[in-house]
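Subject: Handover of a structure for your review

Dear colleague,

Please find below the structure that I am handing over to you. My notes on what was found in it follow directly after.

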Amino acid sequence: MTVTGQEIVDYVDRVRAALADLPPAVRDELTEDLPEHLAEVAAETDGTLVDRLGEPEAYAAELRAAAGAEGNPGRTSLNRRLTAGRARAAVQLERLDVQLGPLLGQPSVSVFLRPLRPAWWLLRGWLAALLLSALFGEPSGLLPRLDGSVLAGLFLLAGAVLASLWLGRRSAGFRGWPRRLLRLGTGALLLFAFAALVNVDQHASSDYFRGYEGVPVGNRYDSIQDVFVYDEQGRLVRNARLFDQNGVPIRLGWPTCVDGSGVVPPPRNVYPYCPEQAPFAPPSPSTPPPAPTGSTSPTTPAPTGSATAVPGPTDSAGTTTPTPAPTR
Amino acid sequence: MDTTQLLKGVLDLAVLAVLREEDGYGYDILRRLREAGMEEVGDASVYGTLRRLFAAGLLTTYVVPSESGPHRKYYALNAAGRDQLARSGKTWRSFATTMDTLLDDRGMAA
């Protein structure tokens, strides 16, 4: 026997495609015996099914004529043409399906994809949860949220995944409008998935961590560009080094000004990067009360000593010669 | 003359006739028709005819599990089917007689 089970399945599919304009119940009835019939033919014949029975489309036409089953009479010729075109496209797709199969080491692409369906159901549930979360106006990320709560979002995620799995097991039997609705929903989800992917990718490939809503640190310091340390007397500390409790250097911001040679220097672990952009004017020795607004009240304008809070080497030149007016 | 054209008109009657003695499943009916001499009958025509006769209420169906291969759907004549077979059979015989006479009169009998 040279006819494979796959060939029978393909033949049935093509006959069904050619009868696509019939009401689903009528079509099912007409093709009910077909697999059994083809199996009998296959058992008796050496050639292919097409050799023995002709093209599936011709078979479908004969079946339709003999059964006296007419297409939906209300349909216009345009609709008929559309249906026929769709049937032809389906046939082309099936051929491609079989032709590309060997690339994946399977008889056809659909054989390769079929076992992966539950994975799609899981993914679909996750996407649906993300979409719901986005519809409620939550910021887009990789985890759904409800009212800003990740826990509620996780419940939503679990619910959506379970619903999608349930739908996946049931949807094979869908006909008519539930099937159409399912396809529409799938299309919408895929569109949304693409948009979400682009969004997440943008956040992930930029230096800021705005996309990672799940990581609470970093957010508050995103806008920090430079750090200015003032000593007790309100004088700007230059070349300050910042460390956390473990002695790990704290890195914040990035240089935005050019140095003497006209290039933006690489970020170092010394602040400020751009002293001339200091928000508060340094107290000038000649004018006693130039209290920098908001900073610690400098009652003694005389520059005595350097900053004590800095563990690193203090730049004496920086602390004793106050820079002129702030540049901002 | 093309036999397929003739077949179209009488396939209903032929299918009813082969089911008179014994129930059968689709491929079995097809085989019986071929063995009886209807070599040119198309597979799809027989299956389509079976569906139409069933839809018209002339046949009943039942499924028989098969040890080898898929389950088979058997078709059987019911009372309406037998009735129809009797009436169509009569019509056919009288029609065939008319045709015979016509052909004999004109001297075209083979």
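For "transmembrane region", an unreviewed UniProt entry lists residues 119-137, 149-168 and 180-200 of chain A. UniProt positions are given in the numbering used here, feature names are shortened, and such annotations may be inferred rather than shown by experiment. Over residues 149-168 of chain A the chain is 95% helix and 0% strand, with the end C-alpha atoms 28 Å apart. Residues 180-200 of chain A are 100% helix and 0% strand, and there the end C-alpha atoms are 30 Å apart. Helices (H or I, at least four residues) and strands (E, at least two) are DSSP runs, numbered from the N terminus.

Please note that this is a predicted model, in which local features need pLDDT of at least 70 and side-chain atom pairs count only at pLDDT 80 or more, while totals for chains, interfaces and linings use all residues. Residues are numbered from 1 along each chain as its sequence is written, and chains are lettered from A and ligands numbered from 1 in the order in which they are written.

The two chains

Chain A has eleven helices and two strands, arranged along the sequence as α-α-α-α-α-α-α-α-α-α-β-β-α. Of its 328 residues, 20% count as buried; a residue is buried if 20 or more other C-beta atoms lie within 10 Å of its own, exposed if 12 or fewer, and partly exposed in between, with C-beta atoms placed from the backbone.

Chain B contains four helices and three strands, in the order α-β-α-α-β-β-α from the N terminus on. Buried residues make up 26% of the 110 residues in chain B.

The contact between the chains takes 15 residues from chain B and 17 residues from chain A. Two residues are in contact if their C-beta atoms, placed from the backbone, lie within 7 Å. On the side of chain B that touches chain A, helix 2, helix 3 and strand 3 of chain B each give two or more residues. The largest share of that side, eight residues, comes from helix 3 of chain B.

Helix 5 (residues 56-67) of chain A has twelve residues and reaches 16 Å from its first C-alpha to its last, close to the 16 Å expected at 1.5 Å a residue. The expected span is 1.5 Å times one less than the number of residues in the helix. Its buried residues include A:Tyr59, A:Leu63 and A:Arg64. The buried residues of this helix pack against helix 1 (5-18), helix 2 (24-31) and helix 4 (49-53) of chain A, together with helix 3 (43-55) of chain B. Just after helix 5 of chain A, A:Gly68 takes a positive phi of about 65°.

In helix 3 of chain A, the buried residues include A:Leu34, A:His37 and A:Glu40. The buried residues of helix 3 of chain A pack against helix 1, helix 2 and helix 4 of chain A, as well as helix 2 and helix 3 of chain B.

The nonpolar cores

A nonpolar core is a set of buried Ala, Val, Leu, Ile, Met, Phe, Trp, Tyr and Cys residues joined through C-beta atoms within 7 Å. Of the 37 residues in the largest nonpolar core, A:Val15, A:Leu63, B:Val15, B:Ile29, B:Val46 and B:Leu50 touch the most other members. Apart from it lies another core, of eight residues, among them A:Leu127, A:Ala129, A:Leu130 and A:Leu156.

Helices 8 and 10 of chain A

The axes of helix 8 (residues 117-135) and helix 10 (residues 177-205) of chain A come within 10 Å and cross at roughly 75°. Axes are lines fitted to C-alpha atoms, for helices over the stretch in contact, and angles run from 0 to 180 degrees between N-to-C directions. Helix 8 and helix 10 of chain A are therefore roughly perpendicular to each other; angles under 35 degrees count as roughly parallel, over 145 as roughly antiparallel, 65 to 115 as roughly perpendicular and the rest as oblique. Among the residues that meet here are A:Leu127 in helix 8 and A:Phe192 in helix 10 of chain A.

Two loop residues

A:Asn239 lies in the loop between strand 2 (236-237) and helix 11 (316-320) of chain A. Phi of A:Asn239 is near 55°, a positive value in a residue other than glycine. With 20 C-beta neighbours inside 10 Å, A:Asn239 counts as buried.

A:Pro272 is placed in the loop between strand 2 and helix 11 of chain A. The peptide bond from A:Tyr271 to A:Pro272 is cis, with omega near -10°.

Yours sincerely
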